Amino acid sequence: MKPVIALVGRPNVGKSTLFNRLTRSRDAIVADFPGLTRDRHYGNGRMGERPFLVIDTGGFEPVAKEGIYHEMAKQTRQAVIEADVVIFIVDGRAGLNAHDQIIADDLRKTGRSVILAVNKAEGMRHANVTAEFYMLGLGDPVVISSAHGDGVRELLDYALDMV
Ligand code: GDP
Ligand code: MG
């Protein structure tokens, strides 16, 4: 069985960009506006000899009680259930967001292994970009740039070691 990695986070943090990089595909839709990937998306990745499956999700809007955002949150929960490891992505440029905290609390309840990844951090000092995210209580964040590839290999190493 291939390990399954789910990419979770609020819309626009860069999940689909990371999915594309991990699967080297243009499968996931990358957009400048939130919420475009409305379904779960599965892709195959490989790290050296180790194959894995990665799930892109449409984003996690835990406050929505109905409608498209509610549906996306449901899909995301399902992806988390299917996953061996969850990569929880936050936006290092936007900074900590109230929804990030809600998602972190939700993820903790699932009992899944969670890795916190601070994205969009190209050209930023790690200590500066991570400081506020320790508040999420998910340990040391991994600093990445999905767009440029910085830190993505380390992130993947870390994820596959947790399986
Ligand atoms: P998703 O909604 O979480 O799937 O986010 P997307 O992957 O669609 O990306 C949302 C926006 O953030 C797009 O404009 C991306 O080009 C941009 N983005 C994604 N990753 C990075 C990154 O590492 N650095 C920067 N500067 N922008 C990024
Ligand atoms: Mg997306």
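Me: How many helices and strands are there in the protein?

Reply: Keep in mind that this is a predicted model. Start by counting the elements. The protein has five helices and six strands.

Me: In what pattern do they follow along the sequence?

Reply: Read from one end and write a letter for each element. Here that gives β-α-β-β-α-β-α-β-α-β-α.

Me: In what order do the strands lie in the sheet?

Reply: Order in the sheet is a separate thing to read. The six strands form an open sheet in the order 2-3-1-4-5-6, with mixed pairing. Strand 2 (41–47) and strand 6 (142–143) stand at the edges. Each has a single partner strand, so one side of each has no neighbour in the sheet.

Me: In what sense do strand 5 and strand 6 pair?

Reply: Look at the bridges. Strand 5, residues 113–119, pairs with strand 6 in the parallel sense, over two bridges. Find Val118, too: Val143 of strand 6 stands opposite.

Me: Which strands does helix 5 lie across?

Reply: Check which elements a helix touches, then look at the angle. Helix 5, residues 152–161, lies across strand 1 (4–8), strand 2, strand 3 (50–56), strand 4 (85–91), strand 5 and strand 6. Its angle to strand 5 is about 175°.

Me: Which residues have the most contacts inside the largest nonpolar core?

Reply: First see how much is buried. Of the 163 residues in the protein, 42% are buried. The largest nonpolar core holds 36 residues, and Ile87, Phe88 and Ala117 have the most contacts inside it. Now follow one of them. Leaving out residues up to four places away in sequence, Ile87 touches Ile5, Leu7, Ile115, Ala117, Leu155 and Ala159.

Me: What share of the contacts joins residues 24 or more positions apart?

Reply: Take the contacts with a separation of 6 or more. Residues 24 or more positions apart account for 64% of them.

Me: What about phi? Where is Asn12 found?

Reply: Here is the general idea. Most residues other than glycine have a negative phi. Asn12 has a positive value, near 80°. Asn12 sits in the loop between strand 1 and helix 1 (15–23). Lys120 also has a positive phi, near 65°. Lys120 lies in the loop between strand 5 and helix 4 (126–130).

Me: Is Lys120 buried or exposed?

Reply: Count the C-beta neighbours. Lys120 has 23 inside 10 Å, so Lys120 counts as buried. Asn12 has 17 other C-beta atoms within 10 Å, so Asn12 is partly exposed.

Key:
Residues numbered from 1 in each chain as written. Chains lettered and ligands numbered in written order. Predicted model: local features only at pLDDT ≥ 70, side-chain atom pairs only at ≥ 80, totals over all residues. Helix = DSSP H or I, 4+ residues; strand = E, 2+ residues; numbered from the N terminus. Buried ≥ 20, exposed ≤ 12 C-beta atoms within 10 Å, placed from the backbone. Contact = placed C-beta atoms within 7 Å. Pairing = 2+ DSSP bridges. Axes fitted to C-alpha atoms, helices over the stretch in contact; angles between N-to-C directions. Core = buried A, V, L, I, M, F, W, Y, C linked by C-beta atoms within 7 Å.
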